[in-house]
Amino acid sequence: MGASMIGLLETAAIAVSGFLVKKYVFLEADMEEKKQRIFYWISLLLTAAAFLVFGKDTASLTAVFLIGLNVLLARKKGRLWALFLMVPLTGIINGLLAPLLLVPPYLLSLSGQRTLLYQYAVYGAFFLLVILFYVKGKAWRKWFRENMQYRSLRRSENVLLWVIGIVMFFFSNELAAQKEAGQFTAFAGGEAYAHSLAAFIAISSIAVFIMAVTIIVLIMQGNKRSFYHEQVSGMQSGMITLMAEIVENRDDNTGGHIRRTAAYVEKIAKELKKQGAYREILTDRYMEDMIVAAPLHDIGKIHIPDAVLNKPGRLTEEEFAVMKTHTTAGQELLLRAKAELGESGYLNTAVEMAAYHHEWWNGKGYPYGLNGDEIPLCARIMAVADVFDALTQKRCYKSAMPAEKAYAIIREESGAHFDPKVVEAFFAADEIMKGSDNEH
């Protein structure tokens, strides 16, 4: 009777800890709340039925399978990966439970009856902690649900969990094998254990157990810190973008310019990546930074006098020289922001966009006369987006140009003003053309 009860408790612990690890360590999202609750009850009933009909091992496998099915159903993409996720997940669950249940009785030379009592105590403590987490942890779970459910593990964290999971899977299996061979059964009279391998596995299991718990805690803390870092970065980005909009509002000619050009930049960058161009530069992070940074490209115009910025006619040479300084002014402003706010990918990209978006592919642009690949890719992309928007929008000194004529100018300037690959991506992105046509 005692062995059957321990088996039932072990199966329940595997199921409960598996769902907890799945959500709070592997950061796998749940299904919609009502569906998830139903899934929990179905999992409980199926696992209990498997235990009653087939025994502990089959019930444990059923619980693990249901956890994997839960991951698969909750995911919107990468669903097959949910099946592979069961490898480290199973190892971590077994690796956490097996050393805790088997090693202390071995080291303390507990009798069979005392071992049974110890295991009851462990399971009792485990389920008491789960109940306390459910009752007292409502505020924390709400915070997690609102702020962490859409996050995913970094590649390095995934690798760590895989390594730990596989190692713990090996040790938990060895522990189970040693138990079956009698090596983890206490001898009457306090006799020493005979098998040296059992001692090695026991000590190693403790080390792996501690390492796994440490890594899990570090990953959870790391995700929390990352969340707050992203919150702060988002606030910084939002504040600087707001400042860019304030600058834009000084210019009577360019309402909506920064948002339109940011949309063009995003579509051009995605098309370049789709074509396989500049693959070594266009990483996911670089593209994210570029899209966030795009609205800041004209921030230097805050230093341009209104008489020049909003002049209804053609600028004189002296006035144009003043207008051109918005590139270096923007560069200096953003460098100062970076010095105050700290190193940031999107600010690095914003500096490049502000400084170089008027450079030409053939070296005849300003302010530095860079040419070709000397011009950062983000600035080359912005150059096309900026000119296209300027051509097709009404300004106080000109009417809006028909889109077809603007397209022709962009094509003619390929290889002179613009990077030919960026121009090719511009014309390949049908969404840009359709969106522009709808606006006009």
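The following questions and answers set values from a predicted model against the definitions behind the terms.

Residues are numbered from 1 along each chain as its sequence is written. In this predicted model local features need pLDDT of at least 70 and side-chain atom pairs count only at pLDDT 80 or more, while totals for chains, interfaces and linings use all residues; side-chain values use heavy atoms, with hydrogens and water left out.

Q: How many helices and strands does the protein have?
A: The protein has 18 helices and zero strands. Helices (H or I, at least four residues) and strands (E, at least two) are DSSP runs, numbered from the N terminus.

Q: Why is glutamine 119 called buried?
A: Buried means under 20% relative accessible area, exposed over 50%, and partly exposed in between (1.4 Å probe, protein chains only). Glutamine 119 has 8% relative accessibility, so it counts as buried. Its place is in helix H5 (residues 112-136).

Q: What is glutamine 119 in contact with, leaving aside its neighbours within four places in sequence?
A: Contact means heavy atoms within 4.5 Å. Glutamine 119 is in contact with Ile6, Leu101 and Leu102, its neighbours within four places in sequence being left aside.

Q: What makes isoleucine 375 a buried residue?
A: Isoleucine 375 has a relative accessible area of 1%, and is therefore buried. Isoleucine 375 is in the loop between helix H14 (345-356) and H15. Not counting residues up to four places away in sequence, isoleucine 375 touches Tyr356, Glu359, Trp360, Trp361, Leu370 and Arg380.

Q: Why is the pair of phenylalanine 19 and phenylalanine 39 called edge-to-face?
A: Rings of Phe, Tyr and Trp (its six-membered ring) pair if their centres lie within 6.5 Å; planes under 30 degrees apart count as stacked, over 60 as edge-to-face and the rest as tilted. A search of the whole structure finds 14 aromatic pairs. The ring centres of phenylalanine 19 and phenylalanine 39 are 6.4 Å apart and the planes are at 80°, so this pair is edge-to-face.

Q: What does the pair of phenylalanine 19 and phenylalanine 39 tie together?
A: Phenylalanine 19 lies in helix H1 (residues 2-24) and phenylalanine 39 in helix H2 (residues 33-54), so the pair ties together parts that are 20 residues apart in sequence. Both phenylalanine 19 and phenylalanine 39 are buried.

Q: Why is the pair of tyrosine 407 and phenylalanine 427 edge-to-face?
A: The ring centres of tyrosine 407 and phenylalanine 427 lie 6.1 Å apart with planes at 75°, so the pair is edge-to-face. Tyrosine 407 is buried at a relative accessible area of 12%, and phenylalanine 427 counts as buried at 18% relative accessibility. Ring pairs link Tyr264, Phe388, Tyr407, Phe426 and Phe427 into a cluster.

Q: Which charged end sits over the ring of phenylalanine 427?
A: A charge sits over a ring if NZ of Lys or CZ of Arg is within 6 Å of the ring centre and within 35 degrees of the ring normal. The charged end of arginine 411 sits over the ring of phenylalanine 427, 3.9 Å from its centre. The charged end of lysine 324 sits over the ring of tyrosine 366, 5.3 Å from its centre.

Q: Which residues in H15 meet residues in H16?
A: Val384, Val387, Phe388, Leu391 and Thr392 in H15 meet Ala403, Ala406, Tyr407, Ile409 and Ile410 in H16.
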